[in-house]
Amino acid sequence: MGRAAIVGGGVIGGGWAARFLLNGWDVAIFDPDPEAGRKIGEVLANARRSLPGLYERGLPAEGSLTFCATVEETVAGADWVQESVPERLDLKHRVLAQVMAAAPEGVVIGSSTSGFKPSELNEKGATAIVAHPFNPVYLLPLVELVGEADRTARAAETLRGIGMFPLTVRKEIDAHIADRFLEAVWREALWLVKDGVATTEEIDEAIRMGFGLRWAQMGMFETYRIAGGEAGMRHFMAQFGPCLTWPWTKLMDVPEFNDELVDLIAGQSDAQSGHRSIRELERLRDDNLVGIMRALKRTGSGAGGVIRDHEARLPLAETGPDGLPVTVEMQVPTTYVDYNGHMNEAPYMEVSARASDRFMEMIGADAAYIAGGLSYFTAENHIRYFSEIDIGDRITVTTQVLGGDGRKLHLLNKFWTGGETPAATVETLLLHVDLSTRRVVAPRADVAEKAAAMAAAHAGAPRPDRLVIGR
Ligand SMILES: NC(=O)C1=CN([C@@H]2O[C@H](COP(=O)(O)OP(=O)(O)OC[C@H]3O[C@@H](n4cnc5c(N)ncnc54)[C@H](O)[C@@H]3O)[C@@H](O)[C@H]2O)C=CC1
Ligand SMILES: C[N+](C)(C)CC(=O)CC(=O)[O-]
């Protein structure tokens, strides 16, 4: 962990601050807006309720947040400086000069700029790189890095450590990769509204009911490869290549950006979404993103792979409040909470299954073992709910071996949320199976030994007053 200096704490600077803080960094911020403290507080509140919900491990303890009176005070002693002031080159030059004068020698100075190139940012002698994130910065992993190779390489390592996905752009270009792309789509959308072809709402439906869902998990090229059928990309290109020269798009032409266009777009946008506050919309967006990203995590697709990699770097406490091994540590995501305002019954099974998977790894029944054709199947589960678990609660699961010879494993997954006794328990019976015959067989000797050693170590731990399996 280190100390991040955030210069400009608006939509993007606030998001950066939250990303660093929740990953254990200390953060210093400078923003002349008298409302900056309140605004950053609201962004942080959104981040706290959403980001930890991506992981089955606890994030590090939150760092400290300091509001500074000057740029110089903010950047002194920093391990990372992130400039996120408004998108005006003269302002960026002025702020980067202040940063350069006070920041430690050689520190990475990232600019969040959506469109300026490093050569433009550094015209007055700064040594900044572009580190262009996506809103909400605390949830979306992508950061486009553009600039000098050594600095972008160091930046990439830091960004991976805070759960982000650095994409180093091969050469500098206006608007990097993603914004060049988004700008083309945005320009087409403005034309469609201006020409009365579609409303803002209809365009959003066209995106979210169709290709938007595909893009989050496969992007454009993999999606189109599949769209070519069994012949793949070559057939896709043969079929749809010619239409590139038909007048489908107006990409070369920009609609005049006048008051009339702004009123038209903003008016339709108000009619579409004006009944909800921006913060409400942000929370809805974040809850959906967490749900989507958790689904992607199952297959490791897209952002799901980044979360998996980051999770593997997060330490897991060795023992829980009862002295038994910790198998899951997580914060309850919003997607787990139901209409009664607490964790729904289904996620208890999901969390317990993860705890049992982790326990299997601990005794050597890991991914390689399973690939070798042996595994455990669950034969029985019994859940007991003792106290409510709420959104945002941090759950620690400990796993106790109640009995079994390795062929059978009788486990108790205990859910702790801070009290003296578990908030819930899941009693579970696992059977060791040969995956080719689907029959119960003895485990490999080393796995049986580790299971027996765990059982012996847990023999003295208090047992629940009531057991259901094997009564
Ligand atoms: N909003 C977006 O969707 C994205 C924006 N960006 C980029 O991030 C940068 C910031 O954009 P936003 O956060 O959207 O703008 P914003 O307007 O929300 O925030 C800019 C902040 O900078 C502060 N500021 C103004 N002058 C300053 C100075 N001299 N020193 C320190 N702070 C100062 C303002 O008070 C404001 O809080 C821009 O370069 C933009 O292109 C990048 C990705 C996405
Ligand atoms: C509109 N924008 C150019 C500021 C967008 C970005 O830079 C990235 C994003 O979050 O969409």
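In this predicted model, Trp80 is buried at 0% relative accessibility, where buried denotes under 20% relative accessible area, exposed over 50% and partly exposed the range in between (1.4 Å probe, protein chains only). Trp16 likewise has a relative accessible area of 0% and is buried. Local features were taken at pLDDT of at least 70 and side-chain atom pairs at pLDDT 80 or more, while totals for chains, interfaces and linings use all residues of this predicted model. Side-chain values rest on heavy atoms, without hydrogens and water, residues are numbered from 1 along each chain as its sequence is written, and chains are lettered from A and ligands numbered from 1 in the order in which they are written.

Aromatic pairs were assigned to rings of Phe, Tyr and Trp (its six-membered ring) with centres within 6.5 Å; planes under 30 degrees apart are stacked, over 60 edge-to-face and the rest tilted. The count by this rule is 10 aromatic pairs. For Trp16 and Trp80, the ring centres are 6.4 Å apart and the planes stand at 35 degrees, so this pair is tilted. The two residues, 64 apart in the chain, connect distant parts of it: Trp16 belongs to helix H1 and Trp80 to strand E4 (residues 80-83). Helices (H or I, at least four residues) and strands (E, at least two) are DSSP runs numbered from the N terminus. Ring pairs also join Trp16 and Trp80 with Phe20 and Trp25 in a cluster.

A further tilted pair is formed by Phe211 and Trp215, with centres 4.7 Å apart and planes at 55 degrees. Both residues lie in helix H8 (residues 200-218), four residues apart, or about one turn of the helix. Phe211 is partly exposed at a relative accessible area of 27%, and Trp215 is partly exposed at 29%.

The strands E3-E2-E1-E4-E5-E6-E7-E8, in that order, make up an open sheet of eight strands with mixed pairing, two strands being paired if DSSP finds at least two bridges between them. Its edges are strand E3 (65-67) and strand E8 (165-168), each of which pairs on one side only. On average, neighbouring strands are turned by 25 degrees against each other, direction ignored. Strand E7 (residues 142-146) is parallel to E8 over four bridges, and Leu145 stands opposite Thr168 in E8.

Two helices lie across this sheet's strands. Helix H1 lies across E1, strand E2 (26-30), E3, E4, strand E6 (129-133) and E7, at about 170 degrees to E1. Helix H6 (residues 149-161) lies across E4, strand E5 (108-111), E6, E7 and E8, at about 165 degrees to E7. Axes are lines fitted to C-alpha atoms, for helices over the stretch in contact, with angles from 0 to 180 degrees between N-to-C directions.

An unreviewed UniProt entry places the feature "domain: 3-hydroxyacyl-CoA dehydrogenase NAD binding" at residues 4-163; such annotations may be inferred rather than shown by experiment. Over residues 4-163 the chain is 39% helix and 19% strand, with end C-alpha atoms 15 Å apart. The UniProt annotation "binding site" (unreviewed entry) covers Gly8, Gly9, Gly10, Val11, Ile12 and Gly13. Gly9 is located in the loop between strand E1 (3-7) and helix H1 (11-22) and is buried at 4% relative accessible area. Beyond neighbours within four places in sequence, Gly9 contacts Gly14, Phe30, Asp31 and Ile40, contact meaning heavy atoms within 4.5 Å. Gly13 lies in helix H1 and is buried at 0% relative accessibility. Residues up to four places away in sequence aside, Gly13 touches Ile6, Gly8 and Ser84.
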